[in-house]
Each structure stands twice: as structure tokens, then as C-alpha cells.
Amino acid sequence: VSGAFTCAAGWSAMKPPASLAARASELTERLRARSPRVHCITNAVAEAFTANVLLAAGAIPSMTINPAEVPDFLRRADALLVNLGTLDEQRQSAIEAALGVAAQTTLPWVLDPVFVERSQQRLDLAKRLIARGPAIIRANAAELGALMGREVNGDSLPAFAGSHRTVVALTGAVDRVSDGASSIAVSNGHALMARVTAMGCAASALMAAYRAVANDPLDAAGACLVHVGVAAEAAGATARGPGSFVPAYLDALDNVTPDEILARARVD
Amino acid sequence: VSGAFTCAAGWSAMKPPASLAARASELTERLRARSPRVHCITNAVAEAFTANVLLAAGAIPSMTINPAEVPDFLRRADALLVNLGTLDEQRQSAIEAALGVAAQTTLPWVLDPVFVERSQQRLDLAKRLIARGPAIIRANAAELGALMGREVNGDSLPAFAGSHRTVVALTGAVDRVSDGASSIAVSNGHALMARVTAMGCAASALMAAYRAVANDPLDAAGACLVHVGVAAEAAGATARGPGSFVPAYLDALDNVTPDEILARARVD
Amino acid sequence: VSGAFTCAAGWSAMKPPASLAARASELTERLRARSPRVHCITNAVAEAFTANVLLAAGAIPSMTINPAEVPDFLRRADALLVNLGTLDEQRQSAIEAALGVAAQTTLPWVLDPVFVERSQQRLDLAKRLIARGPAIIRANAAELGALMGREVNGDSLPAFAGSHRTVVALTGAVDRVSDGASSIAVSNGHALMARVTAMGCAASALMAAYRAVANDPLDAAGACLVHVGVAAEAAGATARGPGSFVPAYLDALDNVTPDEILARARVD
């Protein structure tokens, strides 16, 4: 995968990979320059780490889930994350309040349907939320399979994205992103990402920050996954396990240069 | 203590220590191979660290406290943790929902009665929960003293465990575990454990993971405390304070080999 | 600023700086010796880090926000933190319960009015709380400006503190503390503090711990900011980014000696 242009297994690459790497590099720089504000309605386990990931990458987090305050916070936000982990009544009300403001202000939002394969109630909610127009859905294969009601592959992913007029970012050993018309694959990343809680949740929040500074949500999702994956590779090279991986990852999110993004991006 | 068989101060050692070290080593390996799912109803302070401890040791955490979702999560879990820290109405309902499922499915669960000595309401709840049959109670001396209504010592601990038909794991400078008939002492550990929040809470969650892969809850509790203590010793040897202790501890939970568990276990 | 006595820009320095450095050094030592108990009603993002900051500095945290339990916990606490981040109904009830006990027992408390500039509801609550007599208010310039309804400067800060009979600690590149009559400036700190979530929230909690061991709340606030700032400088000297800064900061809170506090304090 490393560097070569491939178009295998049904994953089309209508945008040339060199171009995405260049755009990812540029977007990482732009995110640091603009410091977008991202309001996160996310689960209790992920809150602190998500805030630190956003800060390390150059964005500004806010995290309140009080429905009465969410509208005030959203009016000064550049993007929104809706994450369904540790879902409770207050978070459900906060999501409702937030999507009301987002619909009025065309604020872009990212949906992270955590663990929808484990709870029917959560799956039902996720489907209703998808009908309300997230810019991007970021999920793993189990979650996306539950949402799609079928196996996730190179045909079903673009079909699902296209029919719901959204971008779907499927993360795993290789990340797949599609807006229905175009699809990209990002091979960056490290095995230790699966040994730390909230890595995916925090990446979804960062994807919202990228969406705030990118015109194209497909670019935003791809650039975010390159940034995250390159940082994870740098961290994995020095970490002695899942504990030391975390500070090294945050350091790398901050330290990685646009040139390094460009050189190390493995995209198809 | 290191290596010598002792039977002092009322702590009986009916199972020979070499045997427990060998079983601890084997159980650590089995836990990594089987990756048990542990659902945690735990306090807000401990949630992220607990998830990371479980992941580092090889288990799979889920953490929702929404009572409506808890049953769905429990049906795919191998063990349950009930931790009473930052107790609120939602968590109390979640505990009720979880124990309902646990009773039907004979899912083993561990009770961590955090701070029962500081709140009468919490003490009353803990006593009601103990009547519902936890596999293991993990507590410190202040908490256990409040539960027992008397001083904790080598006579009262086995008596309490036996009369409640449970295993009690009393953690401290030396950990004491009893099922009423047999008792063991684990001397592994490091002073920095007391300088980091949620170390005990996370150990209780890991104890639930060990319970899922062990036949005997006394073995589960003992093996968990050996794993935790050996990892803490490895972390303490390189940490420069309570901050660097945390990533080093998580690394060590992951890195420690079964042979190292066997060689370093200090059990009586 | 480093070492020289200055009195510029309206910041009076009625207490000589050498004296504050000496008192800061002494208070850091006293805090470690007395291990004050600090009950924290704080936001979800900050809870774990705040507990670890308190433990690293030598204090003992408790964090429950269940209104029914707060009074029991407060009766054994030496100081209270009220932080308005991620404010919800439960936290509002907990604050009410806590301030009821604090008023009866003259327990000192610190107010951290997080993000009051982002939410009118939160601003209104903060104003009502200030009328109930916090020992110290710890805020940044945006928050304090919202509370004061005017620009924060060397005249308005002491006036605000004096008229509300409290100590105000304004944190930023240079920290300013005033009780109305006397004002001090603390120049210690590091730029990475702004790249990690909850650094300010945790400093407010530590300020409550200092208040528990100091007679003068101005001394408590100043000593806390020196401790925090000197630790941040030590951490910043070795950190490779915002990730490795966190464990290094906690290590330094624990490791810094009273002599180092005395030598490195930059106070006017």
C-alpha cells in the first residue's frame, strides 16, 4: 500500500492519492492556524481524552451536556460531535437541543454511533439521527454493519453513504471513507490504538474540527484519519505499551509537521 | 515475606503459595487469550482509567450506566463490576437493572464499596448489595471496617467472608483475601499506588475479568492482585513520581510475562 | 520580572515578594504534612485529573456530586471546590447542598466560574454564588471580564475583590491575585498549560487545599500558583508536547522541594 496507487477490491480512488496527502497536509496546517471550536456531546469515558486530543491538534473543545446551556455554546462553535457512548437522558436531551441549533445554523456535525450493535435502543436512535443529516458518520465495522443491516464491504459502504447523502468513515486496520461518489482508503495507524479507550471517539471529535476547516467532508474525514494515523505510528515507534502510547500520541498530534503528513500519508 | 512460606497472625495458608503463584501466572495468560467482556458500573472519576486498565490487561470494557441499556450490554458480558463511588440516582438504577440480569444469568459480579465509611446512605446500600451475592468484595480497611462494624483482622475477615458466602479482598500494604475457608496474602505492590486516583477501583474491575476466566473466586482475586502488584512494582522501578507511574503501570500490565508473574509473586 | 521587585501598571505589591516566596515554600511543605481533604464538585472532564493533581500535591480528594451524600462528605472535608463546568441539575443541587453545610461550618470554598462568558444561565448562577462568600475566585480573563461586566485590569481587579470581600485569582501568562487591599503577581508557568484540558480547574482545587492550610486566602492563592507554575516549568523543560507534559507535571507537583519553590518563585 505504501505509496503505490492501487484500486483493488472495489475501493475506487477517483481522487489521486498524492492529492489527498497534499490536502491532508494543508488541512492539518489550516486547523492549527484557525483553531476551530468543537462542541462535543460525548460519553463520560471519552470526555477528558477527547478534549486533550482536540487541544493537541490545535482545536478548542467545549463539552457541556446540559441541554439548557448547549444552545449558547453551539452559537460560538464551528462544529459539533454527537457521540452515543454512555447515552443517558441528559445526553439525549442535549443531542436534541444541539441538533435544533445545528439545523438552524447549518453547523456541521459528526455522528459517532458507539456500540449500536450492543443495544437496540441506541441503534434506533442512531438511525433517527442519520436522517437528520450528519456531515460525517465515523464508525467501526461492527457498528456500521448494525446500521446498514448487512455486511460492510467495498460496495455497501459507498451505497450507504450515497443513499444517506453523507460521508461514512469506517475505521479499522485500513480506514475506508466514502461519500457515495468517491472513496478513499487510509492505511496509516498502529495496533496500540485498539488498546486504549476512546481513541475512536476522540478521532471523531477531531474529524468535526477538520470538517470546520475543510470544504469537502470527504477531505475532512480523510485528512483527519491521516493525521491520527501518522501520529499513532510515531507514538507506536517509541511507546513501550498502551500506557506510554497515550502521551506519545498526544505529543505526535501536536508535533507532526505538514511535511511529515505529506511524506507519511498512505492513502489510496 | 519474599518467597518464604509463613502462617502468622491468624492468616491461614491452606493452599501452598507456590501453587497460587503458578495459578496467577496461568490465569493472566488465560485472561489475555480469552479477552473477557467486563461491564462496569463505576464512578465518573474512575471510568477512563478503569477502561484502560482492562484493555491493557487484555479484557474488553463497556461502561454505560443508562439503566435502559444495561441489560442489553450485560447479556454479552462475562462479568460485572458494581462500584459505589460518585453514586447518583442513575447509577443506582443501573445497579438495580444489572443485578436483575446477573441474578437470572448467574453472571459473576464484583462489589467495590468505595467510601462507605464516609456516607451512611452508601453503607446501607452496600449492605443490601452484599446480601445479593457478589462473587468478590474488594475494599480497603476503612471501607471493610465500616461494612463489618468491627476491626478488620485475621479472624474477622474470614468470618465475614464465610458468613456472607463471598470472597473478600482487603487491599493495603499487604493484600488479604479470604473465602472463609482459605485465606491468602499478597505482598506485591508499590507505594505510588496510593498517590493515583482510581487504582483500587480499576483493580476491582480487573478482578471481575479474572473472575470470568477462573473457576475459583479466591484464585481470581489473588491472581488479579498479583498481576496488579507485580505491574506496580515494575512501574515504580522506573517512575519519577505519580504522573509517570500511570503510563508505566499500564505498560507493565500489558508487558509482564507469565514467567515474571510466577517469579515475582509474593504470596502466602 | 525574574526576581526584581516591580510595581508597574497599577499592580501594587504591598507584601514584599521575597516574603511570598518564603510563605509559598512553607505552605507547600505544610500541605504535604497535613494532607487536607478537599471535596470537589467539578465538571466531568476535570474529575480524574483534578483528583490526581490533589494526590500528587499531597491532598486527599473526594468527588461525589450526589446531593444526598455531599453533606456527609463535607463534614469530614477541610475545604470545598465549586466548579461550574459541565453544569447540570445534579451538580446544581450538589452545590446547593454543599454551600448549606459550608455556611454552617465556615468551611472555606473556592469558586471556579468556568466558561461563564459562554452561557448567560451560568453567569447568573456564578453571580449568585459569589454573594455567598467564596474564599477565593479563580478565573481567566474572559470569565472574570464577564463577571465584572468590564475590562479586567490593575484597577478593576482589586476593586472587584474588595467590593465582594473575597480573593480573586486571575490566571494567565502572568497570574494576578488580589484581596482588594494587597495584590500579587506570579510569573511562573509554561505555555503547555494551555494545551491540556482542566489545568485551571485542577489548580482551583489545589487552591482550596492551600486555603485549608493557610490563614490568609491571598497567601493560599499565591502559594498555589507558585507551586503550580514551578511544577509546570519543570515539566515543560522535559516534555516533548502536551501529552508528555501531563505525567511530568504531576511528577513535578510531587517532587518539587520547598527550597526549589523558594528559589524559583517569580512573584511581585
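**Figure 1. The interface of chain C and chain B in the predicted model.** About 1,900 Å² is buried between chain C and chain B, and carbon and sulfur atoms give 48% of this area. Of the area that chain C buries against chain B, 25% is supplied by C:Glu69, C:Phe73 and C:Asp251, which is more than any other three residues supply. Chain C contributes 25 residues to the contact, and chain B contributes 22 residues.

**Figure 2. A salt bridge between C:Asp254 and B:Arg195.** The rule finds 2 salt bridges across the interface of chain C and chain B. In the one formed by C:Asp254 with B:Arg195, the closest N and O atoms are 3.0 Å apart.

**Figure 3. The packing of helices α9 and α10 of chain C.** Two packed helices are described by the angle between their axes and by the distance between those axes. Helix α9 of chain C spans residues 217-238, and helix α10 of chain C spans residues 242-255. The two pack at an angle of about 130°, and their axes lie 8 Å apart. Therefore α9(C) and α10(C) are oblique to each other. Their crossing is right-handed.

**Figure 4. Residues at the contact of α9(C) with α10(C).** From α9(C), the residues that meet α10(C) are C:His227, C:Val228, C:Ala231, C:Ala232, C:Ala234, C:Ala235, C:Gly236 and C:Thr238.

Methods. Residues numbered from 1 in each chain as written. Chains lettered and ligands numbered in written order. Predicted model: local features only at pLDDT ≥ 70, side-chain atom pairs only at ≥ 80, totals over all residues. Heavy atoms only, no water. Axes fitted to C-alpha atoms, helices over the stretch in contact; angles between N-to-C directions. Helix = DSSP H or I, 4+ residues; strand = E, 2+ residues; numbered from the N terminus. Parallel < 35°, antiparallel > 145°, perpendicular 65-115°, else oblique. Left-handed = near helix turned anticlockwise from the far one by under 90°. Contact = heavy atoms within 4.5 Å. Buried area = accessible area lost by both parts, 1.4 Å probe. Salt bridge = Lys/Arg side-chain N within 4 Å of Asp/Glu carboxyl O.
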